[in-house]
Amino acid sequence: MKNQLRTLSKENAEGVAQHLVMVAELLDVEPEAALAHAETAVRRAGRVPAARESLGLVAYRLGDWARALGEFRTVRRLSGSSHLLPLMVDCERALGRHDKALELAQSDDANNLAIDDRVELAIVVSGIRRDLGQLDAAAAGLSDLVKRINPNRPSAARLYYAYADAKLAAGDLEIARDWFARAADADHELTTDAAERLEELDGVELTDLLGDEDEDENEDGLDDSTADDAGHDRD
């Protein structure tokens, strides 16, 4: 990003950099505010790929698929990089253009992606296959990667999870359980609900002890409002 900003004047580069930092800070908590910063960055540095990528990512987060896709295409043209290909395919999918999405996913550029980007692309393609009712193909498209990826890679947990989910949709419960367990083990950052899905498959039920106490109090003759108050006191 620093190299890209060197094409601007020093003052403008510093201002654009500050807006891009704010996009990163706000994207997960206030995407609308992040959008304002991204749009300002693009107005000041429209030919800087990082600025266009930030705007595309905010649009993607907000579900503005057409705008996100347009920005990602611009980044690809300006930078020559295809690292956003998984998101471009996902935008095509969200726009209902499944054939276009699959065509893009099978382009020559897809073969040159870094491993984590290849994982993301495979997960998106698996989702497209499920959209089309091709449940076996959805799992088959992930089967090679799940066996080859290092479980310590950042994308491993998401890949294991997607494979487990695809297998579950195809009716392979035993295999699905195994891969949900692997996803839970690999998910050190808790980016998925693999542990919860595993518990569901194992039939584990969580007991609401507070709710049980409230029921006991009602049985002892407390009216509903009194029981509620008692529960709030315990909280």
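## Second largest pocket

The second largest pocket is lined by Leu102, Ala105, Gln106, Ala110, Asn111, Arg118, Leu121, Ala122, Val125, Arg129 and Gly141. A pocket here is an open set of points on a 1 Å grid over the protein atoms alone, where a 1.4 Å probe fits, with protein on both sides within 12 Å along at least five of seven lines; lining residues have an atom within 4 Å of a point. This is a predicted model, in which local features need pLDDT of at least 70 and side-chain atom pairs pLDDT 80 or more, while totals for chains, interfaces and linings use all residues. Residues are numbered from 1 along each chain, and side-chain values use heavy atoms, without hydrogens and water.

The space in this second largest pocket is about 280 Å³. Helix α8 contributes most to its lining, with five residues.

## Largest pocket

The largest pocket has a volume of about 570 Å³. Of its 21 lining residues, Asp90, Glu120, Ile123, Val124 and Arg158 lie nearest the centre. Two or more lining residues come from each of α6, α8 (115–131) and α10 (156–169); α8 provides the largest share, eight residues.

## Packing of α5 and α6

Helices α5 (residues 65–79) and α6 (residues 85–94) pack at an angle of about 150°, with axes 9 Å apart. The two helices are therefore roughly antiparallel, a term for angles over 145 degrees. In their contact (heavy atoms within 4.5 Å), Trp65, Ala68, Leu69, Phe72, Arg73 and Arg76 of α5 meet Leu85, Leu87, Met88, Cys91, Glu92 and Ala94 of α6.

Conventions. Axes fitted to C-alpha atoms, helices over the stretch in contact; angles between N-to-C directions. Helix = DSSP H or I, 4+ residues; strand = E, 2+ residues; numbered from the N terminus. Parallel < 35°, antiparallel > 145°, perpendicular 65-115°, else oblique. Points joined across faces, edges and corners; volume = space filled by probe spheres on them.
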